[in-house]
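Hi,

Here is the structure I promised to pass on.

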Amino acid sequence: MLKFYYTRLSVNARRVWVTLLEKKLEFEPILLKLNGDQFKPEFLKLNPFHHIPVLIDDDCTLIESLAILDYLEAKYPNPEFVPKEAKDIGKMREIELVTVNELPPPSIVIMREIIDLPVDAKKLELAKKQIGTVLQYFEDNLDENHSYFFGEQLTLADIVAGTAVSAIPLLGISLDGYPKVKRWWENLQQRESWQQTEPTREELEASKAILKAILEKK
Ligand SMILES: N[C@@H](CCC(=O)N[C@@H](CS)C(=O)NCC(=O)O)C(=O)O
């Protein structure tokens with residue numbers, strides 16, 4: 001059976017978790033506490049960079065969430081989460097990469113403020129602007145007549161961007177100025193996979209100390 005190493009509050013792990021649920025795959029969830037479990041020798045053997053998620057499928061051990069999604073799609077193509085047209089495949093990958101490259105750096109700046117770590121006011125302003133640019137990019141790529149980026153088919157673009165957008169209101173940034181993003185996100189929130197992987201308020205509060213310990217080292 002598939003083994004999935006994760007924590008409940010990681011956006012990087014959540015995109016894999018949602019995909020496993022959407023594909024209705026059986027898996028053994030292995031919960032890690034990021035205040036130390038990731039540095040244990042047995043875990044470092046799986047991922048020398050001490051990051052979750054990790055997926056093990058028989059003799060295949062994979063790190064890096066986007067690589068795991070590609071693997072799951074190739075090995076378990078039912079239901080399909082990759083569109084058929086070349087231009088849509090390119091656009092889907094673009095949305096995934098914009099999400100993982102452009103959102104984390106400004107999000108970390110804002111998180112520092114939320115957990116009372118020192119942060120420069122100008123950097124904070126810039127970070128909010130950068131997140132606004134990403135949200136506008138999603139807005140421009142969505143269409144009000146369809147549920148998802150590529151019509152009615154849920155794709156990896158929705159899973160990757162949608163799990164990341166779920167964390168944006170937690171940074172104190174409203175989606176109100178982006179009506180297509182808001183409606184798309186509400187569509188995603190109705191899916192069982194989203195509801196099942198949604199962190200609770202208590203979990204979010206409890207995570208602040210762990211996050212502080214990780215960010216203090218950066
Ligand atoms: N590029 C990696 C990033 C993984 C990552 O940064 N995971 C974080 C949790 S969101 C982690 O495990 N952090 C623990 C640490 O840095 O020690 C991916 O997409 O899988």
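Which residues are around the ligand? Keep in mind that this is a predicted model. The residues around the ligand are S10, N12, L34, Q38, H50, H51, I52, P53, E64, S65 and I214. Sorted by class, that shell has 4 nonpolar, 6 polar and 1 charged residues.

The protein chain has 10 helices and 4 strands, and along the sequence they follow the pattern β-α-β-α-β-β-α-α-α-α-α-α-α-α. The radius of gyration is 17 Å, close to the 17 Å that the globule rule gives for 218 residues, so the protein chain is as compact as a globular protein of that length. Along the principal axes, the C-alpha atoms fill a box of roughly 45 × 45 × 30 Å.

The 4 strands make an open sheet in the order 2-1-3-4, and the pairing is mixed. Strand 2 (27-31) and strand 4 (60-63) are at the edges with a single partner strand each, so one side of each has no neighbour in the sheet. On average, neighbouring strands are turned by 15° against each other, ignoring direction.

Going through the pairs:

- Strand 1 (residues 2-6) and strand 2 run parallel, joined by 5 bridges. K3 has E28 in strand 2 as its bridge partner.
- Strand 1 also pairs with strand 3, in the antiparallel sense and over 3 bridges. Here Y5 stands opposite V54 in strand 3.
- Strand 3 and strand 4 are antiparallel too, with 4 bridges between them. D57 stands opposite C60 in strand 4.

Strand 3 and strand 4 also form a hairpin, with 2 residues between them. One thing to check there is D58 in the turn, which has a positive phi of about 50°.

What lies across the sheet strands? Helix 1 lies across strand 1, strand 2 and strand 3 (54-57), and runs at about 150° to strand 1.

Helix 1 has a helix partner as well. The axes of helix 1 (residues 11-22) and helix 3 (residues 65-75) come within 9 Å and cross at roughly 10°, which makes the two helices roughly parallel. On the helix 1 side the contact is made by N12, R15, V16 and T19, and on the helix 3 side by S65, I68, L69 and L72. By class, this contact has 4 nonpolar, 3 polar and 1 charged residues. Back at the ligand, N12 and S65 are among the residues around it, and both also take part in the contact of helix 1 with helix 3.

Last, some backbone details. Most residues other than glycine have a negative phi, and most peptide bonds are trans. With that in mind, these are the places I would point you to:

- The peptide bond from I52 to P53 is cis, with omega near 5°. P53 is in the loop between helix 2 (41-46) and strand 3.
- H50 has a positive phi, near 50°, and is a residue other than glycine. H50 is placed in the loop between helix 2 and strand 3.
- N78 and P79 are joined by a cis peptide bond with omega of about -5°. P79 lies in the loop between helix 3 and helix 4 (86-102).

Happy to go over any of it with you.

Cheers

Technical notes:
Residues are numbered from 1 along each chain as its sequence is written. This is a predicted model: local features need pLDDT of at least 70, side-chain atom pairs count only at pLDDT 80 or more; totals for chains, interfaces and linings use all residues. A residue is near a molecule or strand if its C-beta atom, placed from the backbone, lies within 6 Å of it. Ala, Val, Leu, Ile, Met, Phe, Trp, Tyr, Cys and Pro count as nonpolar, Asp, Glu, Lys and Arg as charged, and the others, Gly among them, as polar. Axes are lines fitted to C-alpha atoms, for helices over the stretch in contact, and angles run from 0 to 180 degrees between N-to-C directions. Angles under 35 degrees count as roughly parallel, over 145 as roughly antiparallel, 65 to 115 as roughly perpendicular and the rest as oblique. Two residues are in contact if their C-beta atoms, placed from the backbone, lie within 7 Å. Two strands pair if DSSP finds at least two bridges between them. The radius of gyration is taken over C-alpha atoms; the globule rule is 2.2 Å times the number of residues to the power 0.38.
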